[in-house]
2 protein chains.
Amino acid sequence: MLSVNRIKFLRSLSAKKTRVFEGLFTVEGAKPVAELLGSAIKIHSVYAVDEWITQHKQLLAFSGAELVPVTYTELERISQLATPNQVFAVAHQPQAHLDLNTLGDKLVLALDDVSDPGNMGTIIRIADWFGIDTIVCSPNTVEQYNPKTVQATMGSLFRVNVFYTDLLPFVEDYKKAHKNPVCAAVLGGDDLYASPVKSPCLLLMGSESHGLSVGLINASTHKITIPAAVGSKAESLNVGVGTAIIVSELRRR
Amino acid sequence: MLSVNRIKFLRSLSAKKTRVFEGLFTVEGAKPVAELLGSAIKIHSVYAVDEWITQHKQLLAFSGAELVPVTYTELERISQLATPNQVFAVAHQPQAHLDLNTLGDKLVLALDDVSDPGNMGTIIRIADWFGIDTIVCSPNTVEQYNPKTVQATMGSLFRVNVFYTDLLPFVEDYKKAHKNPVCAAVLGGDDLYASPVKSPCLLLMGSESHGLSVGLINASTHKITIPAAVGSKAESLNVGVGTAIIVSELRRR
């Protein structure tokens with residue numbers, strides 16, 4: 001049975017402030033937690049109904065996580081989902097270090113103030129699909145451990161490293177360290193399909209409402225645009241969709 | 001001032017059943033409603049605060065819509081948004097007719113049971129960007145007038161025709177009428193980038209949880225897959241993201 005204090009603690013992890021202070025984050029649902037247990041991430045504790053425990057005995061034993069059997073009623077009390085699903089886990093935030101020297105032969109993604117947790121999750125999932133293991137975010141970009149982001153990544157969060165740093169100095173350092181293109185996704189830039197940009201490179205994507213900051217656009221070496229159909233009145237594409245199209249095109253080449 | 005009956009009526013439009021019965025749908029927010037007024041869609045009524053009315057006098061006069069000035073408090077009572085934004089409009093659902101003969105020289109999109117309103121909105125926005133004016137949906141696909149879908153289309157809903165019909169007979173009829181490829185997005189199909197498929201064609205996208213039905217896969221002429229990076233453990237891409245990547249690639253060719 002869960003103590004009142006434990007419930008209070010678990011619920012407090014829905015706040016970013018607490019997650020940062022404790023260095024923890026939460027994962028919910030049968031499939032995402034199974035992926036978490038199979039990943040390299042250190043687990044703090046797992047709260048699961050008997051049915052789930054029975055099915056995942058081996059995975060649990062291997063992870064060495066503290067296991068707390070709970071009832072469905074208890075799960076509802078700690079869950080952040082509308083419909084809780086068998087298991088709730090707490091994990092330690094990995095302390096990865098951003099090493100500029102390892103980025104030279106990769107496609108690297110940088111996000112400037114992306115604010116929607118769902119978009120962030122979608123982008124992490126895209127990165128995982130296309131083999132991008134590093135995303136560098138401006139400090140105001142939504143936290144990768146936001147529960148909605150964790151949910152939207154469908155397990156990809158455990159396989160992609162997400163860093164937060166001031167992007168302008170990062171881009172300048174990247175340019176000093178590597179001769180690769182720094183590619184800004186903008187409106188009114190060069191046609192993506194005709195652009196010579198290839199991976200390895202650094203791809204800069206802007207926020208939903210304001211796009212990329214002027215400083216970052218100026219620091220880039222290439223400005224590219226996904227061309228709309230002739231006569232289209234659509235003003236823009238969702239940032240997740242834009243990222244997907246550009247990354248796919250760079251991977252194709 | 002809004003009567004109690006009017007408020008009741010406007011709130012009832014949050015239910016699909018009422019929208020279908022009345023042949024109406026709702027649009028909220030300064031920008032989406034301005035796009036609605038500028039479109040060919042027939043407007044039923046507009047509920048706006050003074051500030052918005054002053055800014056959009058010409059557009060309103062031109063539309064011939066019934067205009068009801070409201071206070072912010074009244075707007076909150078009829079709104080389906082967490083933070084209502086200046087204006088709420090009711091519009092007539094256009095009665096477009098799906099004409100198979102007009103589809104032969106186009107890229108046409110078909111959706112099999114896509115269920116998330118946000119994904120549906122994203123896909124309509126992608127279609128608008130890439131100049132796709134026809135989306136054909138299975139009867140169980142989420143309604144294009146779902147308020148969350150309307151919101152996610154960012155105005156693109158007013159420029160793309162969305163139809164609902166049984167997809168299997170539709171695909172058979174399409175194949176009889178046109179020699180174009182019928183392209184199914186699947187897991188484990190041919191590499192998208194190496195595939196010979198070009199527009200005009202019919203592109204079939206499946207649901208978030210079950211993908212395409214077997215019948216539709218069998219009825220297709222080409223099975224294509226967005227190749228994941230070697231070693232990627234990601235299981236799939238979001239259906240909006242997948243649609244974006246495939247449509248972009250078909251448009252590029």
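Helix α7(B) passes helix α11(B) in a right-handed crossing. Right-handed here means the near helix is turned clockwise from the far one by less than a right angle, and left-handed means anticlockwise. Helices are DSSP runs of H or I with at least four residues, strands are runs of E with at least two, and both are numbered from the N terminus.

A word on the source. This is a predicted model, where local features need pLDDT of at least 70, side-chain atom pairs count only at pLDDT 80 or more, and totals for chains, interfaces and linings use all residues. Residues are numbered from 1 along each chain as its sequence is written, and chains are lettered from A and ligands numbered from 1 in the order in which they are written.

Back to the pair. α7(B) and α11(B) pack at about 15°, axes 9 Å apart. Axes are lines fitted to C-alpha atoms, for helices over the stretch in contact, and angles run from 0 to 180 degrees between N-to-C directions. That makes α7(B) roughly parallel to α11(B). The cut-offs: under 35 degrees is roughly parallel, over 145 roughly antiparallel, 65 to 115 roughly perpendicular, and the rest oblique.

Who touches whom? From α7(B) come B:N119, B:T122, B:I123 and B:I126; from α11(B) come B:V239, B:G240, B:T243, B:A244 and B:V247. Contact means C-beta atoms, placed from the backbone, within 7 Å.

Now take B:V247, in α11 of chain B. Is B:V247 buried or exposed? B:V247 is buried, with 24 other C-beta atoms within 10 Å. The scale: 20 or more such atoms is buried, 12 or fewer is exposed, and in between is partly exposed. Leaving aside neighbours within four places in sequence, B:V247 contacts B:I126, B:F130 and B:I132. B:V247 and B:I132 sit 115 residues apart in sequence, yet 9.3 Å apart in space, C-alpha to C-alpha.

In α11(B), 13 of the 14 residues are buried, so the helix is largely enclosed by the rest of the structure.

Next, across the chains. Helix α11 (residues 239-252) of chain A packs on α11 (residues 239-252) of chain B at about 45°, axes 9 Å apart. That makes α11(A) oblique to α11(B). The crossing of α11(A) over α11(B) is right-handed. On the α11(A) side, the contact uses A:G240, A:V241, A:A244, A:I245 and A:S248. On the α11(B) side, it uses B:G240, B:V241, B:A244, B:I245 and B:S248.

Zoom out to the interface. 25 residues of chain B are in contact with 25 residues of chain A. Which helix of chain B gives the most? α11(B) does, with 6 residues.

Last, some backbone details. A cis peptide bond joins A:S199 and A:P200, with omega about 5°. A:P200 lies in the loop between β8 (182-191) and β9 (201-205) of chain A. Chain B has a cis bond between B:S199 and B:P200, omega about 5°.

A:M154 has a phi near 55°, positive in a residue other than glycine. A:M154 is in the loop between α8 (147-153) and β7 (161-164) of chain A, and counts as buried with 21 C-beta neighbours inside 10 Å. B:D113 also has a positive phi, about 65°, although it is not a glycine. B:D113 sits in the loop between β5 (107-111) and α7 of chain B.

How values were computed. Contact = placed C-beta atoms within 7 Å.
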